[in-house]
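Thanks for coming. I will take one structure today and walk through a few of its features. Please have a look at it before I start.

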Amino acid sequence: SIAAYVSFVCLSYYLTSGEHVYLLPREQMMAALCAGMLMSTFLVRMAERTFNPNGPQTNASVVTSVINAIAGVTSLMFATLPTPVVVDNFTTCRVHLLRWCEWTVL
């Protein structure tokens, strides 16, 4: 699933023209940064439990760690990088392609 996520992100940047790549407004950027930091903190705690040689390793904990890592990376990308945005012709709303990359994999 991580390989699919990375390929979808690369594909979205490749297919989106340069005029449709935007930085988020400051308030949204700070919210995404806070979300990414919270996800990263949870991921570190989960990884300590999941990959501890003396502790139990379950498939559910590994899957949870991967999901959390993808969500955290997406939030940090929103906070730090210009991201591809497409305007939907039907609703005329802005669609952030990174969210679609994240949701498709999860």
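How many aromatic pairs does a search of the whole structure find? One aromatic pair is found. Trp-100 and Trp-103 form it, edge-to-face, with 5.8 Å centre to centre and 75° between the planes. For the terms: rings of Phe, Tyr and Trp (its six-membered ring) pair if their centres lie within 6.5 Å, and planes under 30 degrees apart count as stacked, over 60 as edge-to-face and the rest as tilted.

Before going on, a word on the source. This is a predicted model, where local features need pLDDT of at least 70 and side-chain atom pairs count only at pLDDT 80 or more, while totals for chains, interfaces and linings use all residues. Residues are numbered from 1 along each chain as its sequence is written, and side-chain values use heavy atoms, with hydrogens and water left out.

Back to the two tryptophans. Both lie in helix α4 (residues 97-105), three residues apart, about one turn of the helix. Helices (H or I, at least four residues) and strands (E, at least two) are DSSP runs, numbered from the N terminus. Trp-103 counts as exposed because its relative accessible area is 51%, and Trp-100 counts as partly exposed because its value is 48%. The cut-offs are under 20% relative accessible area for buried, over 50% for exposed, and partly exposed in between (1.4 Å probe, protein chains only).

Now the chain as a whole. The protein chain has four helices and three strands, and from the N terminus on the order is α-β-α-α-β-β-α. Its C-alpha trace spans about 50 × 25 × 20 Å along the principal axes. Of the 106 residues, 27% are buried.

Next, helix α3, residues 59-80. Its 22 residues reach 32 Å from first C-alpha to last, close to the 32 Å expected at 1.5 Å a residue; the expected span is 1.5 Å times one less than the number of residues. Among the buried residues of α3 are Ile-70, Met-77 and Phe-78.

Is Thr-83 buried or exposed? Thr-83 is buried, because its relative accessible area is 0%. Thr-83 sits in strand β2 (residues 83-87). Leaving out residues up to four places away in sequence, Thr-83 touches Tyr-13, His-20, Val-21, Tyr-22, Met-77, Phe-78, His-96 and Leu-98, where contact means heavy atoms within 4.5 Å.

Last, Leu-15, which is found in helix α1 (residues 2-15). Leu-15 counts as exposed because its relative accessibility is 61%.
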